[in-house]
Amino acid sequence: MANLDAGAQEYFATDHRECDTVWAELESAASNPPRQAALWKSFEARMLRHFSMEEEVLFPAIESATGMRGGPVAVMLHEHEQMRGMLTEMARRASTGDFEGVLDQGDTLLMMIQQHNSKEEGILYPIAERALSASWPALAERLRAYPVAG
Ligand SMILES: [Fe+2]
């Protein structure tokens with residue numbers, strides 16, 4: 001489980017890995033619809049939780065600490081919206097038991113996630129790590145209010 005005491009970069013990058021792990025479990029759960037349904041729910045919840053933690057806590061803190069407006073945060077927010085759209089479509093397929101369709105669309109989503117995560121981990125989280133070192137304990141406390149579901 002991602003460690004809140006380790007700092008912004010470590011916490012959010014580890015959370016990326018944990019979302020990827022749930023996806024890999026879903027991919028390997030073929031022909032087991034109840035397990036696919038449970039893993040889909042878990043993946044969707046973890047992705048939405050990650051977006052919420054960034055949008056509600058991390059990104060505003062970066063903007064207020066750096067004075068940065070637009071730029072990398074705006075790009076990340078736009079990509080979150082695109083990924084949310086794909087998750088909504090995947091949820092529609094999952095609700096009809098079409099996990100093959102979920103996995104097909106997931107291939108595209110996962111490519112987008114990889115590119116997005118590498119930008120965050122290479123650019124935005126290092127900025128956060130420097131800009132938020134003093135305020136991280138307070139931010140970490142707020143992030144404890146985002147439990148992992150299930
Ligand atoms: Fe992220």
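Helices here are DSSP runs of H or I with at least four residues, numbered from the N terminus. Residues are numbered from 1 along each chain as its sequence is written. The model is predicted, so local features need pLDDT of at least 70, side-chain atom pairs count only at pLDDT 80 or more, and totals for chains, interfaces and linings use all residues.

**Exercise 1.** Find where Ser31 lies, and decide whether Ser31 is buried or exposed.

*Solution.* Start with the place: Ser31 sits in the loop between helix 1 (8-27) and helix 2 (33-66). Next, recall the cut-offs: a residue is buried if 20 or more other C-beta atoms, placed from the backbone, lie within 10 Å of its own, exposed if 12 or fewer, and partly exposed in between. Ser31 has 7 such atoms within 10 Å, so Ser31 is exposed. Finally, look at the backbone: phi of Ser31 is near 65°, a positive value in a residue other than glycine.

**Exercise 2.** Work out whether Ile113 is buried or exposed.

*Solution.* Ile113 belongs to helix 4 (residues 99-131). Ile113 is buried because 20 other C-beta atoms lie within 10 Å.

**Exercise 3.** Explain how the buried residues of helix 1 are arranged.

*Solution.* List them first: Ala8, Tyr11, Phe12, Asp15, Val22, Trp23 and Leu26 are buried. Viewed down the axis of helix 1, the directions from the axis to their C-beta atoms fall within an arc of 120°, so these residues line one face. The face turned away carries the exposed Arg17 and Thr21.

Terms used: Helix = DSSP H or I, 4+ residues; strand = E, 2+ residues; numbered from the N terminus.
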